[in-house]
Amino acid sequence: MNKQIALLLVGLLSTGATFGADIIVIVHPTAAAPTKEQVADIYLGKSRAYTPLDQTEASPIRAEFYQKVTGRDLTQVKSAWSRIVFTGKGQPPRELLDSAAVKQAVAADPKAIGYIDRSALDATVKAALALN
Amino acid sequence: MFTNDAWSQVAHTSRRCLHRVAEPAILFPAIATLVLGVIWAWTLNLISVERTAAEHAATLSSRELVDTYEAQVVRALREIDQTLKVVKYAYEVRDKQIVLQELKARALLPPDMLFVVSITDRNGNVVASSRPSAVTRVADQDVFQNQRRSDTLSVGRPQADPSAGVWRLLFSRRLNSVDGSFAGVAMVEVEAAYFVSGYDTSKLGARGVLGILGTDGIFRVRRSGEEVAAAGDPVDYKAVVPAEGAFETAVMVSTNAWDGVRRYTSARQLYDFPLAVIVGLSEDERLAAANTGMRTYLWRASAGSAILILIVAILGRLSRQLALSRQHAVDEQIAHAARVEYLAYHDGLTALPNRSLFSKLLGQGIQHAHRYNKQLAVLFLDLDRFKQINDSLGHQAGDQLLQEVATRLKTCLRDSDAVARLGGDEFVVLLPELEDETHAATVAQKILSAVARPFVLIGQEFRVTASVGISTYPQDGLDEQTLTKNADIAMYQAKDEGKNNFQFYSEKLNTDSLERLALDLSLRHALERNEFRLDYQAKRDIRSGLITGMEGLLRWQHPYLGTIAPMQFIPVAEETGLIVPIGKWVLRTACLQNVAWQKQGLPRMSMAINLTARQFADERLLPDLAEMLVATGMDAQLLELEIAESLLMRDVATSLRTLGGLKNMGIRIAIDDFGIGYSSLSTLKQFPLDTIKIDRSFIRDVASVDEDKALTEAIIAMGRTLSLTVVAQGVETKEQADFLRHNACDEFQGFYLNVPMPAEQIAELLRTQGHSQDNHPRAAA
């Protein structure tokens, strides 16, 4: 019996570990939490309610984030931003080196929005949306 | 010079034209053509207007798009150049490789997502980069080589990146060392697609084009729909891009050399860059709506035209049918009128002209002859034995004979001559152009010969002859009536001459017999026209004074001449043979009257009728009488035929035979006008007589002249001896009557008490006598 409970706990923990790899959309603690659709609009340049922050193209979290929020791959996202930039309607999100840098930037800017690995989440920012 | 006449003629002509135009056969197609013209003019105009509008819109749109695109490309290029200039400045003023990090940190570099900024050394090796790139060495590339020689912005030719499946563009500027020597290049690398990412399908369609063309004729990038291309075969730059300085970009409709699509193409040389922007709108796409509209309009116009033509065709057909049926109705009316006129002027049996038409023709002929001083001839023709044929073979055969005669007559004549049937067996021929009388004679002889040829009627061969009378204009008459009458007179002359011959009219002939013939002419029609009637004269018993019988007396009520006495016309009738039908009529009428009286309840009376010589000689007398008695229901005992004494004595044997026949039938026989016929008493004794009627010449003077008195007494005595009833004729006075009664005469007739009167009055008289018979038995005496 105990053995079974232990197994279940291990299972839960392992699942929790997977959750730990989840992406969390974060905003400034004072800011309102956007919906997933709003997040997608912000990261495709359709909304300027927040200032989006990106992670580097090399970081694996970036492709996963765009896929989960917008349903598009990076080429498509690039194409969308190309159009925006070329027609002078906006600039793509600034790229920061990692989740910590993003968290730090978001904590400092009430207008900022970013995405980080769950593991990097702490109280300095507000978790607006969990993507899994 | 236009006179009033000329004007009115013009007006008339134009009215007639208008009238013609109003005819359906012209009006309908004219209206249809007009409407078709309007429909098609309107349709083609609409198509043209829409197409022009579409072309105009495409031109405008192309120009607008190139304006926008030019601005976007120039701004993008300036940003890139600006970046290069910043990098160059930083590099040359500060330190070498770390400049990029610093610039990036200060956000002086374009977004990493789209752009890679890098620096090479003098050998073309990339030594620093804003982010990792596939491009690591550019020593042999134009963007590097160009910078060795100059210090301007260089736009490299498109570079394929097969791994990513994209085209890249490199922009470079020269980097100088402190001593001014070539130290390498600063580069910006961007996907070619970036410059056409503004392609808007809603404006450019699926087959429009957006592109950047180098002055070297190489496309840096080109997009059509979702398809992005670059490089490719060089195109003729000058042919595509208008010369610099043309501010207003001309929009050319041309087939683009690079993909063969016809487009509203606008190209513009960029200021300060060795590039031109190109915008093209597919002609097919831009005009698709207009073309669809055009097809719709054409289809509608065609359908409308077809329907219109169909309607006009149907209307035309209907109106033609209407016109035809109207025409048909009119034709029928005309034909009917013609038929009616034909019937009015032609004889139904022989189809020859009738009396009316002949009268017209003769009138015209006379006018013509009068005007041109010519002669004409009228030939009157009568068949000699027609009546016999008609009676013995029947009317059908008679009709057939008349038709055949008509046919033969026509063959005897020229076309200009005319033959008509006047009725019965009378024909008349008009020879309007008569050179001399011998011609008329020739024709007459021809006619006689033609008629004389045998006829075959109901399978039997018959021969008839004709008598022809000829009168000529102007000798024998100047008017229609005279000519006809004289020809008729001449015809009777021919008959008198023994028939089957022709006679010319002569004045002598006329004076001799004019009256007789005039009488004869009208006598011929008297029976048909019901001009005869019978009066009745009573016969009374000389002692009782009672009416014992009647004598029927023929009266002719001529329409113009009034009542004509029998002694005037009977001889003519006798001569012409008309007495036979007339006599028959008399017998029949008298018998019918007698029977009628009896039916009215009046006493049985004898009915006496005179027979003429011709009647008496008629072979058919006995059978006709027998037939008549049966037909009328007359009792033979009551019928008394009066025959003149002289008549009986002509041919005693025949008379005896006939009288015997009459006697056998039970008919009573009276000798009329007895006493003046020189009869031998022995002969008289042979005849089966019933009555003798003393001639009026004896009675007239019986009261005064002794000889007459004696003769009358003798006659009465003789009659009594032979057991005959003795009747005195012509009793006009009481004295005569008294004398006769005295001498035992049986009955008397005459104006004394016995005036001839119509049947109704006789009936009245008989009724009165019936009542008064007992009271006044001798009223007459």
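Two strands count as paired if DSSP finds at least two bridges between them. Strands (E, at least two residues) and helices (H or I, at least four) are DSSP runs, numbered from the N terminus. Everything below comes from a predicted model, where local features need pLDDT of at least 70, side-chain atom pairs count only at pLDDT 80 or more, and totals for chains, interfaces and linings use all residues. Residues are numbered from 1 along each chain as its sequence is written, while chains are lettered from A and ligands numbered from 1 in the order in which they are written.

E20(B) and E21(B) make up a hairpin with five residues between them, and Gly545(B) in the turn has a positive phi of about 75°. Then there is strand E22 (residues 562-564) of chain B, joined to E21(B) by three bridges in an antiparallel arrangement. In that pair, Trp556(B) sits opposite Ile564(B) of E22(B).

Elsewhere in chain B, six strands build an open sheet with antiparallel pairing, in the order E9-E8-E7-E12-E11-E10. Strand E9 (227-231) and strand E10 (252-255) of chain B are at the edges with a single partner strand each, so one side of each has no neighbour in the sheet. On average, neighbouring strands of this sheet are turned by 25° against each other, direction ignored; axes are lines fitted to C-alpha atoms, for helices over the stretch in contact, and angles run from 0 to 180 degrees between N-to-C directions. Within the sheet, strand E7 (residues 209-214) and strand E8 (residues 219-224) of chain B run antiparallel and share four bridges, with Gly211(B) opposite Arg222(B) in E8(B).

Helix H2 (residues 24-93) of chain B touches E7, strand E11 (262-269) and strand E12 (275-282) of chain B, and its direction makes about 150° with that of E12(B). Helix H7 (residues 283-345) of chain B touches E10, E11 and E12 of chain B, at about 30° to the direction of E12(B).

Chain A has five helices and five strands, and from the N terminus on its elements go α-β-α-β-α-α-β-α-β-β. The strands form an open sheet with mixed pairing, in the order E3-E2-E4-E1-E5 of chain A. Strand E3 (94-96) and strand E5 (126-131) of chain A are the edge strands, each pairing on one side only, and the twist averages 30° from one strand to the next. Strand E2 (residues 51-55) and strand E4 (residues 112-117) of chain A run parallel and are held by two bridges; Thr51(A) has Ala112(A) in E4(A) as its bridge partner. Helix H3 (residues 60-70) of chain A lies across strand E1 (23-27), E2, E4 and E5 of chain A, at about 80° to E1(A).

Of the contacts in chain A between residues at least 6 apart in sequence, 68% join residues at least 24 apart.

Terms used:
Contact = placed C-beta atoms within 7 Å.
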